[in-house]
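Me: Please take a close look at the disulfide question for me, and then walk me over the surface patches. I'd like the cut-offs along the way.

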Amino acid sequence: MNNLWKSMYRLRLHSRNHTLAYGKVLCVPQSTTTTHQPASASSTEAGVPKEKLVIPTRIERGPTDILMALSATVGFDPTAPHYKYHDDPYLIPTSNANKKTFALAQEAGRKAAHWIRQENAHLFQHKEADPPVQAFAPTMVYNEESKVETTDLQKLVDSVEVKDAILVYNLLKKSGIEVGDELKQQLLELVCFYNHEDTLPEQLIEERWFRQGTVGRERQRKTWKDFELAEELFHGLETKRPEHYCAMIRGMARFFQVEKAWALYQETIEKGIELDTNTFNSLLHIASFLKESYDKRWDLVCEVMTTMKQQQLRPNLGTLNGILQTVTTIGGYNHPRTYALKTLAEFKKLGIEPSLATWYYLLVIFCRERGPVSHVLHDIMNEIEGKEFTIQDPKDTFFFVTAMDVCRNHLHDKELAKRVNQLLHHGENYNLIGDSYKESIYYRHYFTLLATTEPLESFLETYHLLVPNVYTPEPSVMEDILRSVEMTTAIEHIPLLWSHMVQFDHTNRENLVNLLLHIMVTNEPSTDDPKHADLVQRFANIAWDMWNRMEERAAAPRATTSTGMPGPMLGDVLLLCSRAGDYEKASAVFTKLSKEQNSIVGEPRVDGLREFVNLCIANRTPSVAIQCLQYCSENGFPESVDIGRHIFRSFALDQSQVSKIRSLVGAEAVKPVGTKEEAAGSE
């Protein structure tokens, strides 16, 4: 930081010394006329040639260009948490739920500050900025008694305050103040576009990021508000111009009031009113709602395009995407593909470049779930690979998540998935990932594909690069990772994966905990492998941690079950603790098994009980070993006789203990070994 201040100080001194020089440069006249000077003065002065000063062309700069240039020098670090989180290990969230909670909590604080400023505007009389920034100032509050003018309505329309604009318009109407036709048109477009509702402020970035995914998944249904101000304004117009019809048709189509939108369109046809291209595009987007059969939908598309041609309107990108969206709703395999290819060919002749939304619609058309396999994504990637895109259509944000879905579920092609991922991270293309939901689905497909097709070590490189700051694996992805570890017997990664499961709040997923226990039980660490050093003890610690967490969850006030771990999982925990020689923990697990055997669901596997008996023998506790034998006998394990014989031959038992074993498993288990051959046979 000191070096930074020193550099800035030196720069300030340098700029002071060169102020005069810069002033001379900026004062050079930019006239195109030539001034003739004496040759001796113009060529040289004291033997030193003069340099010609050339003023470069002014480059328009934005307010954040310097910040973006500085950011480009640093680069993107996927291992660092997002800047919106506090740079503190204890405050950096790792699970999906915590990421959302932390981000929205910060935004809730900002919203609370805005509310306090708005409710107590009289307390904020100081000037925050000069010139004043309108966003920092409290907004006007209107009610039924407010005195308003048309300028107030104009300001509200310009600032996109929909509900206040409606209120002010009604106040003007009540006061008898005439509103101009131009302002009425602007108000009509505003209420049609937003359907009489205020939009979410742009400064609420996190709320938009997390909400947009749920908005996109809502079922498409009619949400247009009938008989509200938009229709009142439209029907109150004495002379309806084309822009009035365009605003109404677009608004109704946007919010799926398809019958009224189509009726207005038919009215324009009858009256000979010409519409604009974007209005026709909105009609193309609702063609699937207007006609039920597939043939009639395509006929409707052709009818709309013919009308556009008659009105001499040139199609644009929205027209192309509107047609393709309708084609995606047509069933079958051959007809949709034929229609899509014909449409692309026609628009290519017109010189209209497709956007990512166009390629998204092609993927939906060609790569259907129960259709034949299509490799159209290879052709699309050959066309767009290495390019940088900007948003041109709302559906542009659906391309990357759909392309990765095709790579995983349709083609099972990891190399193609890597090409898609490389395109996503090229330039500013990551801005088109969409929202938090699409980002999560994208990485879910990517990780699942790599986990099932890549070598484990290669996959873990990607895993460590992106987890947990860029992506937090869902339980289904973590299950695929654990199965990959099980397949390759790479049990040295188990402790790390368990720590991540704890961070990601996956410890309440019984299927994941059961799978992890199964891997640890069936893959006993090797003493000869240096990678497996201390794994036996670490596995026991993991199992004990699992048991404690499930016990705490069962004891919680709102617990769905009061028994904790089921019997098979308890048996695995018992086995792992016994392998590590931890008699205290193993005894605690067995005590729970023994005392609550009537309420515990399921029975433990006999391997864990046998291992616990061996631990009791090593710790010279015959009474506990006999309790374990009693548990085996009461639960009907066929191995009870062998376990009883093993206890009898491993301890010097008194008569009461021998009688106990005899009563549990029979006299055969306490029969003394007669010969060496018999002893060898029993072993």
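Reply: The count of disulfides comes to 0, a disulfide being a pair of cysteine sulfur atoms within 2.5 Å. This is a predicted model, where local features need pLDDT of at least 70, side-chain atom pairs count only at pLDDT 80 or more, and totals for chains, interfaces and linings use all residues. Residues are numbered from 1 along each chain as its sequence is written, and side-chain values use heavy atoms, leaving out hydrogens and water.

Buried means under 20%, exposed over 50%, and partly exposed in between (1.4 Å probe, protein chains only). Val401 also counts as buried, at 11%; Val401 sits in helix α20, residues 399-411 (helices are DSSP runs of H or I, at least four residues, numbered from the N terminus). Its C-alpha is 8.4 Å from that of Tyr443, although 42 residues separate the pair in sequence.

Now to the outside. Trp115, Ile116, Leu123 and Phe124 make a nonpolar surface patch with about 420 Å² of accessible area together (Shrake-Rupley, 1.4 Å probe). Patch members have over 30% relative accessible area and no salt bridge, with nonpolar side chains joined within 5 Å and like charges within 9 Å; a salt bridge puts a Lys or Arg side-chain nitrogen within 4 Å of an Asp or Glu carboxyl oxygen. Leu123 is exposed at 57%, in the loop between α5 (96-119) and α6 (150-158).

Glu178, Asp181, Glu182, Glu189 and Glu238 form a negative patch. Of these, Glu182 belongs to helix α8, residues 181-194, and is exposed at 52%.

Definitions and conventions:
Lys, Arg positive; Asp, Glu negative; His and termini not counted. Charge placed at Lys NZ, Arg CZ, Asp CG, Glu CD. Helix = DSSP H or I, 4+ residues; strand = E, 2+ residues; numbered from the N terminus.
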